[in-house]
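Student: I would like to learn how to read packing in a model like this one. Where do we begin?

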Amino acid sequence: MTTITFTDRAREMVRSFLSQNGGELEALRISMTDDATAPRFDLTLVKREERDDDEVELTDEDFGVLIRSEDADRLDGATIDYVERVNESGFEVKVATPEPRSRPSEPPTGEIAERVRSVLDAQVNPAIAAHGGVISLIDVQDKDVYVEMSGGCQGCALSRMTLRQGVERMLREAVPELAAVHDVTDHESGENPYL
């Protein structure tokens, strides 16, 4: 059974949004899509009869929660909060942290590993060195690469954007066959986590 926890603030906001629609909308749909570095979530209010054949309804709350069956395992243990920041507000989904990936005892080898390491050493790390950052290749599995950010990049609020819009773009130009670039950094233990 999939369990999703709503913070008090998130629960209050869902109820508030539902009440603004005169009772027409009764359920919260949580859609999950993968991008190259992390899942993205889309939360929308819908009528219960809009439930798709591949969706299940969770009934732990006083409103329905619809998720796709294929996402149930990955959303199990997730927490949904409603956050208000300087430039944004909205629902934030935090999935349960998976078990840490075991590190290979030896540095990755092979053609993809060498090409990725070459891009990191020649283009990426010189560009982020001014901020005290370093990105290292940790592992290669088939066409997926796993990198770790350290120094000034570990815990930096812009680390995800740096990885997606800068590093990943450079890696894909040099190694077009890459399937995905995964960040395995423990950002919460960085010097400035998510400022």
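Tutor: This is a predicted model. Start with F6: leaving out residues up to four places away in sequence, F6 touches R11, V14, L28, E61, F63, V65 and I80.

Student: Which residues have the most contacts inside the largest nonpolar core?

Tutor: The general idea is that in soluble globular proteins, nonpolar side chains tend to be buried together. Here the largest nonpolar core has 21 residues, and those with the most contacts inside it are I4, F6, I30, V65, I67, L75 and I80. At least two residues of this core come from each of helix 1 (8-19), strand 2 (27-34), strand 5 (64-68), helix 2 (72-75) and strand 6 (79-84). Helix 1 gives the most, with four residues. Another core, of 20 residues, lies apart from it, and A113, V119, L137 and V145 are among its members.

Student: Which residues of helix 3 are buried?

Tutor: An α-helix has 3.6 residues a turn, so residues three or four places apart point the same way. In helix 3 the buried residues are I112, A113, V116, V119, L120, V124, N125 and I128.

Student: What span should helix 3 have, and how far apart are its end C-alpha atoms?

Tutor: At 1.5 Å a residue, the 18 residues of helix 3 (residues 111-128) should span 26 Å; the end C-alpha atoms are 25 Å apart, which agrees. Helix 3 also bends by about 40° at L120.

Student: How is a pair of aromatic rings described?

Tutor: By the distance of the centres and the angle of the planes. This structure holds four aromatic pairs. For F17 and F91, the ring centres are 6.2 Å apart and the planes are at 70°, so this pair is edge-to-face. The pair links distant parts of the chain, with F17 in helix 1 and F91 in strand 7 (residues 89-94), 74 residues apart. F17, Y82 and F91 form one aromatic cluster.

Student: Is F17 buried, partly exposed or exposed?

Tutor: F17 counts as partly exposed because its relative accessibility is 26%. F91 is partly exposed too, with a relative accessible area of 26%.

Student: Where is T2 found, and is T2 buried or exposed?

Tutor: T2 lies in the segment before strand 1 (5-6). T2 counts as buried because its relative accessibility is 9%, and the cut-off for buried is under 20%. The T2 side chain reaches the backbone oxygen of A72 at 3.4 Å. Neighbours within four places in sequence aside, T2 is in contact with L58, D60, I67, A72, L75 and D76.

Note on methods. Residues numbered from 1 in each chain as written. Predicted model: local features only at pLDDT ≥ 70, side-chain atom pairs only at ≥ 80, totals over all residues. Heavy atoms only, no water. Expected span 1.5 Å × (residues − 1). Bend = angle between axes of the 7 residues up to and from the residue. Buried < 20%, exposed > 50% of the residue type's maximum accessible area, 1.4 Å probe, protein only. Core = buried A, V, L, I, M, F, W, Y, C linked by side-chain atoms within 4.5 Å. Contact = heavy atoms within 4.5 Å. Polar contact = N/O pair within 3.5 Å; in protein donor to acceptor, adjacent residues only side chain to side chain. Phe/Tyr/Trp six-rings, centres within 6.5 Å; stacked < 30°, edge-to-face > 60°.
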